[in-house]
Amino acid sequence: MTDNHDHHNELAHVMPVKVLLGVFGALLVLTGATVWVATHDLGRFDLSLALIIATVKAVLVALYFMHLRYDKVFNAIVFVVGILFVILFISLAVMDTGNYQSQLLRNADHVIRYR
Amino acid sequence: MSSEAHVADGSAVHAEHETGENYLNCSHGLRSWLLTLDHKRIAVMYLAGLAGALFLGGIMALVVRLELWTGDGLVLSDDLYNHAFTLHGAIMTFLFIIPGIPAVFGNFALPLMLGAKDVAFPRLNLLSWYLWITGAVFAIVSMVVGAVDTGWTFYTPYSTQTSTQVINMTMGVFILGFSSIFTGLNFVVTIHKLRPAGMTWWRMPLMLWGLYATAIIQVLATPVLGITLLLLVAERALGVGIFDPSLGGDPLLYQHFFWFYSHPAVYIMILPAMGVISELISVHSRKTIFGYHAIALSSVAIAAFSFIVWGHHMFTAMSPMGNMIFSALTFSVSIPSAVKTFNWLATLYRGHIRLNAPMLYALAFIFLFGIGGLTGLFLGALATDIHLHDTYFVVAHFHFVMVGSTLIAFLGALHYWWPKMFGKAYDETLAKIACILVFIGFNVTFLPQFVLGTRGMPRRYHNFLPEFQGLHQASTVGAFILAIGLFLILVYLWKSLVSGKKVTVDNPWGGSSLEWLTTTPPPHYNFVGEPPEHDVYDYHDIRYDAAIDGYVLSKNEGDAAR
Amino acid sequence: MSSAADHHAEVDPAYRLAHHFESPEQQFETGKFGMWAFLVTEILFFSGLFTAYSVYRSNEADLFSYASGYLDTTLGCINTAVLILSSLTMAWAVRCAQLGQQRGLKFCLIVTLLCAGGFMGIKSVEYHHKIHNGLFPNAHFGAHEDPDGVPLHITDESGATVANPAARPAPENLRSFFGIYFCMTGLHGLHVLIGMGVIFWLYLRARRGEFGPKYFGPIDFTALYWHVVDLIWIFLFPLLYLIH
């Protein structure tokens, strides 16, 4: 192949090897961190911290491995909107199911069991 | 879905400047159709498939209505009645109305209206059609080997207990879902990336805005239906304990899952219909659409709101907090819907209205959508819904929106684009008669059901008290009038295909969007040369030419409109 | 007036420009946007499982902290690393294709495939353990051992089966956790398998030298898909394996 000595591509951004390896290292460190954090009982912050670390990892993957930082802004918007709808779905379903838990008749005698 | 970048399909279609060559006759044989990547041919294949689905679903509807002639059954056993209404609902919803207008008229008109040569991913488009066919096969197989009796919603816990073909049917619907996703994805990408330089967002016909909003919902909501049905299959086949209460699952969670898709799906059904009506009203009033931006943005607003109101299907199941939130949010949808309706009415005002068949459908749409939309307010209001929930009021309401609006718009679109699609004219008098029959039949069928519902007739029961019989019989009579109207349409359209007068003019209605500025039927690559540029809803330079009985683009600025 | 076919005659065939696109840029951008839109559908496809997870975890916290103990954190951690490595090689494959480095491209694709295979291998070891312990949510569901490996039931002197007092008793809804676990990891595994199929196909095409600086869309788009598969696992790992 010709004319690629300057490591450029006419159609899309080329990710430097250094960045790829750096992100890879960061992801491994963060994976270690989340496992290490999980060995300590932080009570109700357990889940939040695990999610924060996972989100940081996800952002790294999206920005660098998926080229989102150098991509059209609109593609990023599309992706983020998708995630917002997931959050909408989860939050309303959790809100409602949480609210009716107290009214459930668990293991009541008249609940028909067929299996 | 990768690698759209292959050389075009091999069929030799280079010499389309030659007279008489169009997308229908540029290549021959069954293979050239079954392997076609041409969006127009795929649209025609969808039309054939959907007509079959409409016929099947319609037969089921007639069986249901016939059964309800008397209060203690006429032709069916209890179980068979459950099968009949489930198949009617499932076939009509998933095989006809949801693909409906986007699959047929979206596929046909979207690239043409945009000035593009095809949709973004032609092979994905063909795959959508094959997925539709596969889903349809699953549905029909489940019909033949034992049907389903859950209703089209497959609610748990009944759907995990019944011994009928739930897995077959849900797998069919799962596959149909992917057909819908890929169509929507194709449309979103096509509208974003394949617009020619002159076609800016605000120059797009409103049909395209409707299809765009629909496609957004298809992309965002339909995957949730997929996972819902997959979990239902897993629950039935294995017992994963997510929905099944006897295994520790939560059956109401299923309803959240189902309606997170299926409420937006209601707008998958209605938004393209609204797009069609915007075209019909403007073209046949010979008048610029009133409030273009408002109609365009209200489509997107409906798409957005559709995701925050799903809980109104669950008022008798949810927590009080959930009820309050969802009831309040539900009313938001009425705003963009009303914006559209008022703008259509304003477009009619002082227009040169032509009462031909497509326009009659458009007017019928406004009337029926008005009733369907307004009765929705009763159901969105928490207090009245507790009384009306699961009664015939709900049945009548959603039939007014789905049949009265979407099917009517489908028929309007069919009559509007028929000459362009096939280059054949249909019998206008018969078309008007059929339209009136459909309109009367529909109203006689469903207006009595509002009364039945408010008086307490529950849906999905085939036994009822004697006091309901009169209204039920009126409804059944209406259903048969509706069926006669639809059958009449089938007859004269078939006749038009076989022996109809040839339409040679590009622009029989005086439409201003680009599909009317190419030849009839369009060539394989949609336009000979570069696509023309023309302001949509600008009729001042589109002049009637009596010599050819069609409209021509008048270069002379001095010529009056019409 | 130039027809579509004529128009493309001027374009370098190395771009593999399809008939309905105006330019290679348009073709590439269209494919890329299409892939992002598809990834949104994938995210929403998984959203149902994350919703089920959230609902059950928020309502039955004890169940989740008990049942998570059954999962092997070490294997999960290794799998996370393996999948991250495969993401790296896939991203590198894109770079190779963009720069026309044919050998590097094929090498990266093979390493990605091997990592994916390794991931599925470790996953199947985990599955085997769960199924062996009666934790697969089907008709035979019923844990034999508690998370610490202590048998839940023992035989007393008279030969009858009784609950083992030394074991931590299983909570009522154990099945729901494993229903969610198998659905989430199973669907994720299915995506890994589909990705492997596509990457293998790309490898075959790469061997024929089909990709280069002017045409690397399929590699790029598949890589995006592969990274999303990785992204989902990045969330699944702490959510399922690392619960107190």
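Biologist: Into which domains is chain A divided, and how many Å separate their centres?

Modeller: In this predicted model, chain A is divided into domain 1, covering 14-70, and domain 2, covering 72-101. Taken over C-alpha atoms, the centres of domain 1 of chain A and domain 2 of chain A are separated by 21 Å.

Biologist: Where in chain A does H67(A) lie, and what is its phi?

Modeller: The general idea comes before the case. Most residues other than glycine have a negative phi, and most peptide bonds are trans. H67(A) is not a glycine, yet its phi is positive, at about 60°. This residue lies in the loop between helix 2 (45-65) and helix 3 (73-100) of chain A.

Biologist: Which peptide bonds in chain B are cis, then?

Modeller: One cis peptide bond joins T156(B) and P157(B), with omega about 0°. P157(B) lies in the loop between helix 5 (122-144) and helix 6 (158-161) of chain B. Another cis bond runs from T520(B) to P521(B), and its omega is near -20°. The loop that holds P521(B) lies between helix 17 (469-499) and strand 1 (542-545) of chain B.

Biologist: On to overall form. How many helices and strands are there in chain B, and what box do its C-alpha atoms fill?

Modeller: Chain B has 17 helices and 2 strands. Its radius of gyration is 23 Å, close to the 24 Å that the globule rule gives for 562 residues, so chain B is as compact as a globular protein of that length. Along the principal axes, the C-alpha atoms of chain B fill a box of roughly 70 × 50 × 45 Å.

Biologist: What is the secondary structure of chain C, and in what pattern does it run along the sequence?

Modeller: Chain C comes to 7 helices and 2 strands. Read along the sequence, the pattern is α-α-α-α-α-β-β-α-α. The radius of gyration of chain C is 24 Å, well over the 18 Å from the globule rule for 244 residues, so chain C is more spread out than a compact globule. Its C-alpha trace spans about 95 × 35 × 30 Å along the principal axes.

Biologist: How do I read a pair of packed helices? Take helix 4 and helix 15 of chain B: at what angle do they pack, and how far apart are their axes?

Modeller: Two packed helices are described by the angle between their axes and the distance between the axes. Helix 4 (residues 100-114) and helix 15 (residues 392-422) of chain B pack at about 25°, with their axes 10 Å apart. An angle under 35 degrees counts as roughly parallel, and therefore helix 4 and helix 15 of chain B are described as roughly parallel to each other. Their crossing is left-handed.

Biologist: Which residues make that contact?

Modeller: Helix 4 of chain B contributes G100(B), I101(B), F105(B), F108(B) and A109(B), while helix 15 of chain B contributes T406(B), A409(B), F410(B), A413(B), W417(B) and M421(B). By class, this contact of helix 4 with helix 15 of chain B has 9 nonpolar, 2 polar and no charged residues.

Biologist: Now a pair across two chains. At what angle do helix 7 of chain B and helix 2 of chain C pack?

Modeller: Helix 7 (residues 166-193) of chain B and helix 2 (residues 24-59) of chain C pack at about 140°, and their axes are 10 Å apart. That angle makes helix 7 of chain B oblique to helix 2 of chain C. The crossing of these two helices is right-handed. Residues of helix 7 of chain B in the contact include I181(B), L185(B), V188(B) and V189(B), and among those they meet in helix 2 of chain C are F33(C), A37(C) and F38(C). The residues of this contact divide into 7 nonpolar, 5 polar and 2 charged.

Biologist: How many residues does the whole contact take from chain B and from chain C?

Modeller: The contact takes 43 residues from chain B and 43 residues from chain C. On the side of chain B that touches chain C, the elements giving two or more residues are helix 7, helix 8 and helix 9 of chain B. Helix 8 of chain B gives the most to that side, with 9 residues. The side of chain B that touches chain C has 27 nonpolar, 12 polar and 4 charged residues.

Biologist: And how many residues of chain B are in contact with chain A?

Modeller: 15 residues of chain B are in contact with 14 residues of chain A. Helix 8 (206-237), helix 9 (251-285) and helix 11 (320-330) of chain B each give two or more residues to the side that touches chain A. Helix 9 of chain B gives the most to that side, with 3 residues. The residues of the side of chain B that touches chain A divide into 8 nonpolar, 6 polar and 1 charged.

Notes:
Residues are numbered from 1 along each chain as its sequence is written. Chains are lettered from A and ligands numbered from 1 in the order in which they are written. This is a predicted model: local features need pLDDT of at least 70, side-chain atom pairs count only at pLDDT 80 or more; totals for chains, interfaces and linings use all residues. Two residues are in contact if their C-beta atoms, placed from the backbone, lie within 7 Å. Helices (H or I, at least four residues) and strands (E, at least two) are DSSP runs, numbered from the N terminus. Ala, Val, Leu, Ile, Met, Phe, Trp, Tyr, Cys and Pro count as nonpolar, Asp, Glu, Lys and Arg as charged, and the others, Gly among them, as polar. Axes are lines fitted to C-alpha atoms, for helices over the stretch in contact, and angles run from 0 to 180 degrees between N-to-C directions. Angles under 35 degrees count as roughly parallel, over 145 as roughly antiparallel, 65 to 115 as roughly perpendicular and the rest as oblique. A crossing is left-handed if the near helix is turned anticlockwise from the far one by less than a right angle, and right-handed if clockwise. Domain bounds come from an automatic or database domain assignment. The radius of gyration is taken over C-alpha atoms; the globule rule is 2.2 Å times the number of residues to the power 0.38.
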